[in-house]
Amino acid sequence: MALKLSDFKTQVHNDWCPGCGDFGIVNAIQMALAEMNIPRHKAAIFSGIGCSGKTSHFINTFGIHTLHGRVLTFAQGAAIANPEMTIIAAGGDGDGLGIGAGHFVAAGRRNINMTYIIFNNGVYGLTKGQASPTLRLGEKTKSLPSPNTNYNVNPIGLAVASGFTFVARGYSYDVRHLKDLIISAIKHKGLSFLDVLQPCPTYNDINTRDWYAGTDIADSSAMETHSRIYKLEDTGYDPVVHYEEEAEINEKLAQALIKSLEWGSKIPTGIFYKNEIITPYAGRLIDKIPNYLENSPANQKVSSNGKPTTDVSNILDSLQV
Amino acid sequence: MSTDLTWLIGGPQGSGVESGANIFSKVCAGIGYQVFGKREFYSNIKGEHSYFAVRIADKKIHSNVNDVHLMVAFDAEMVFRHVDEVVKGGAIIYDSDLENITIDEVHTLDIYFKSRLEKYLESKNKEFSIKGILESAKDRGVTLLPISFREILSKLAEDTNNPKLKGMIRMFNVIGVSLSLGILGLDSKPLLDSIDSIFSKKPKVAEINKQVANYAYNYATAKFDKINFSPNSVSKEPNTILVQGHQGTAIGKMVCGCRFQPYYPITPASDESVYLESNEILNVKEDRPGSTVVVQTEDEISAIGMMIGGALTGTRSSTCTSGPGFSLMAESLGWAGMNEVPCVITNYQRSGPSTGLPTRHGQDDLLFTINAGHGEFPRIVYASGAIEESFYDTGKCFNFADIFQVPVIHLLDKFIASSVITCKRFDPNLVTIDRGKLLDKIEKKPYKRFEQTSDGISPRSKLGLEDGIFWNTGDESDEYGHISEDPFVRIQMMDKRLSRFELILKQIPKEDQVVSFGVADNCIISWGSAKGPIIDAIDMLKKENINVGFIQIKLLHPFPTEYVKSLLKDVKTIIDVEANHTGQLGTLFKQNLGKNVDYFILKYTGRSMTSTEVYDSLKKILAKKANKREILTHGA
């Protein structure tokens, strides 16, 4: 039976601010799951802490609202124990690139088959607008007492450097494009990262919807707007690593890194980097445990009538004196 | 005469002390002796001093003693540090090439030890050298057995026409073990067999080792008399295993169905995870092979997060750590408590605070594990007192976790982790697996993960179960798991979670909560690995017709107040024995029973207790000559 968008909505009251970019992301996730017809019980949304942390409550699949900075750890554990699940981790930029930055890097190295979406708005909204790791040096958003004293993290660059094998950026007000990116991310064999630019209408008065739309740089005489956002795929950009050769991989990595630095009047979205040549974590486990996928930890039968079925007699024999 | 002797080997870390001791233990266990061995080492990879004391006896033993009967030293530091432990009538096998080494030439002797040593030698009027310290031992009636280890190698090199042998100082450990067995008058065949089994994949290496072993063994039997303490013959107990500390919980995890273990490396806990990974593919009766997925994470925060994620899929999941790692886990522990996630954290404690004595023993984390994490949530803290016990307790901890849907902290420690003992072969048939209210199928719809029930425990779905969708959150939540800040929902949910304590005390069998070794006017209360030295000390007192009681408290949180109270109702003097500074069980005892313990026997040098020192302190207490806090200090 085909699933509808409404099947993935919950009745939970959504308390995000009016105009919040988060709405677009939740819609895009729900649309992607419906379009892919993923049975509800086969998907789990893990979320961190902050406004974006509530995402898991708004989607009608398993929803695990974890701890600040730790969403990737919970999500990876579930993905390893039950590789049949479609796992999406969602969290803010402070969650993933500040307090959770160590997990971000380690997750890239593992390349577990799942998707990680960062809701990137440059501020800590729920604690009233402090600077997040993606806010640029010297910028002063509304509630900062003085301009930001830290340099910003480059999420795309960090993901590429850490070993994520699918790296993309979406914009929360382009829901259809974002939905397509989420579908590509879920389908990707390995760890996918999606950096979603998401204006915070309450606390980030710099990177606003209008700013992304480029109203400030519009050429009034030409009567047209100049959105800062553009799509890499419209420029002929090819993010895919096609064959296993160092030169090819390095070229695609370098290209993604260079593109990730583009900011200001032109901001790229779309897929920056995609490499399915690198073995996902499950494949690395299969090298050691051949039946890992068929008999994953969650699938294993460990007892019969309350008695253990594991036979450790060979181990005990080796210890016997 | 009964057999009870301690053999001590030591030398620089990385010189084969541990493998030498393992061979010796294996040989003795193979003959039929009961073995209790313990390793001590610095936080260092190569060069610092490490030693291994192996006690063998013809009856079951549970601890080390102070006395050493035969010591093997292939470096000078071993002689300097341990000579005083060898008893009158005992013997020291040492490398005679060391004789002229002075204290100042041994750079790994720290200034604190050096000054104590020099003071001692000065008082005995001896020179500050190996010669001096050995003379002092000889004066006490210790037999000196000087042997040039290098000469043995060069003679053997000549005899076998294999000049390479000459410089193989890594053979020193095999020489030491072989000389010891010769001097103790034990058969050499088990030694050769055990070399074969250790090097089964390297027959050439095995051959060289056997040549060296034979040569040294024959050398010792020809040159030296047997020492006074030589063991008598013994009959071998059937179904005996020689097992290392971490293997109890590791094999316990395999048997009881733990299939996922994320962990971060830390001493002394990592051995368990490494062992699980080394045996990751499991035989399963009448089924395809199973497996334990072991993941080395980026830190302990990730280890516990992953464990919880795994547990949410219905997989029995666990992690293994020590104090510093557990400190990092505190926040997630609260999340697991809030969301009623069954999981087991195996905590091999060591000496804190902070990095503390990273490779040394301590029972420092009792109160911390009970209180770790902000807010109030249910958990179980359960402690095992020995390796054999830890195997069975591991299965119980997983059952407790599943039945009560709480995180369980299984406390062990460095003493257990670095012991090697003989015990009865673990019997997996004695393990039961009870998954509590874990569902395979959802009958009642809509499913509510935190549904109010009469016992406070809700049927548990898992990720992937059809119609079993649920939400979890660290926020307070309603029955579905959605965030709620309603004051009445809050009361309902807090009451639901915390009613667990009462249920736990009601449902866990009494004999799993507290083990009584007999109650007497003078009665010990203790927990964890202090058990071994205590029961051996009590045994020593029994031989003098002195009866001291002992209750081992295994369930430490929630505290079995009423049961402990009933057990101790007629006791006159309560003695708390544990390896920390403040007497944490005593604190817990007072908190729950409203009264103070009378005496503490405490040790916080980082070295485990010996039964000798526990016995000595008990004697002082019985003679009313003890301090309220008896502080133990034995061990280099």
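# Briefing: a two-chain predicted model

Helix α13 of chain B, residues 330–338, is mostly covered, with 7 of its 9 residues buried. The model is predicted.

**Helix α13 of chain B**

- The buried set consists of S332(B), L333(B), G334(B), W335(B), A336(B), G337(B) and M338(B).
- Cover for these buried residues of α13(B) comes from elements including α11 (300–312), β13 (343–349) and β15 (407–413) of chain B.
- After α13(B) comes E340(B), with a positive phi near 55°.

**Domains of chain B**

- Domain 1 of chain B puts 8 residues in contact with 10 residues of domain 4 of chain B.
- On the domain 1 side of that contact, 2 residues are nonpolar, 4 are polar and 2 are charged.

**An open sheet in chain B**

- How many strands form the open sheet β18-β20-β19-β22-β23-β24 of chain B? There are 6 in that order, and their pairing is mixed.
- At the edges stand β18 (514–516) and β24 (629–631) of chain B, each pairing on one side only.
- On average, neighbouring strands of this sheet are turned by 20° against each other, direction ignored.
- Strand β23 of chain B (residues 599–602) runs parallel to β24(B), joined by 3 bridges. Across this pair, L602(B) is opposite I631(B).
- Helix α20 of chain B (residues 531–542) packs on the sheet and touches β19 (522–526), β20 (549–553) and β22 (573–578) of chain B. The direction of α20(B) makes about 165° with that of β20(B).
- Helix α22 of chain B (residues 584–593) also packs on the sheet, touching β19, β20, β22 and β23 of chain B. Its direction makes about 135° with that of β22(B).

**Contact between chains A and B**

- Across the two chains, 55 residues of chain A are in contact with 71 residues of chain B.
- Elements giving two or more residues to the chain A side are α2 (55–58), β2 (62–65), α3 (71–81), α5 (101–110), α10 (281–288), β12 (307–308), β13 (310–311) and α11 (313–319) of chain A.
- Which element gives the most to the side of chain A that touches chain B? It is α3(A), with 8 residues.
- By class, that side of chain A holds 24 nonpolar, 23 polar and 8 charged residues.
- Strand pairing also links the chains: β2(A) and strand β17 of chain B (residues 471–473) run parallel, joined by 3 bridges.
- Within β17(B), T473(B) is the residue opposite H65(A).

**Strand β8 of chain A**

- Strand β8 of chain A (residues 191–197) is mostly covered, with 7 of its 7 residues buried.
- L191(A), F193(A), D195(A) and L197(A) point one way from β8(A), while S192(A), L194(A) and V196(A) point the other way. Both sets are buried.
- In a regular strand, side chains alternate between the two faces of the sheet.
- Strand β4 of chain A (residues 114–120) pairs with β8(A) in the parallel sense over 7 bridges. There, T115(A) is opposite S192(A).
- Strand β7 of chain A (residues 166–171) is joined to β8(A) by 6 bridges, and the two run parallel.
- A right-handed β-α-β unit is made by β7(A), helix α7 of chain A (residues 175–187) and β8(A).

**A90 of chain A**

- A90(A) sits in strand β3 of chain A, residues 86–92.
- Why does A90(A) count as buried? Because 30 other C-beta atoms lie within 10 Å, and the cut-off for burial is 20 or more.
- Its contacts, leaving aside neighbours within four places in sequence, are I45(A), S47(A), S52(A), T55(A), I117(A) and F119(A).
- A90(A) and F119(A) are 29 residues apart along the chain, with 7.4 Å between their C-alpha atoms.

Terms used: Residues are numbered from 1 along each chain as its sequence is written. Chains are lettered from A and ligands numbered from 1 in the order in which they are written. This is a predicted model: local features need pLDDT of at least 70, side-chain atom pairs count only at pLDDT 80 or more; totals for chains, interfaces and linings use all residues. Two residues are in contact if their C-beta atoms, placed from the backbone, lie within 7 Å. Ala, Val, Leu, Ile, Met, Phe, Trp, Tyr, Cys and Pro count as nonpolar, Asp, Glu, Lys and Arg as charged, and the others, Gly among them, as polar. Helices (H or I, at least four residues) and strands (E, at least two) are DSSP runs, numbered from the N terminus. Two strands pair if DSSP finds at least two bridges between them. A residue is buried if 20 or more other C-beta atoms lie within 10 Å of its own, exposed if 12 or fewer, and partly exposed in between; C-beta atoms are placed from the backbone. A crossover is right-handed if, with the strands pointing away from the viewer, the path from the first strand over the helix to the second runs clockwise. Axes are lines fitted to C-alpha atoms, for helices over the stretch in contact, and angles run from 0 to 180 degrees between N-to-C directions.
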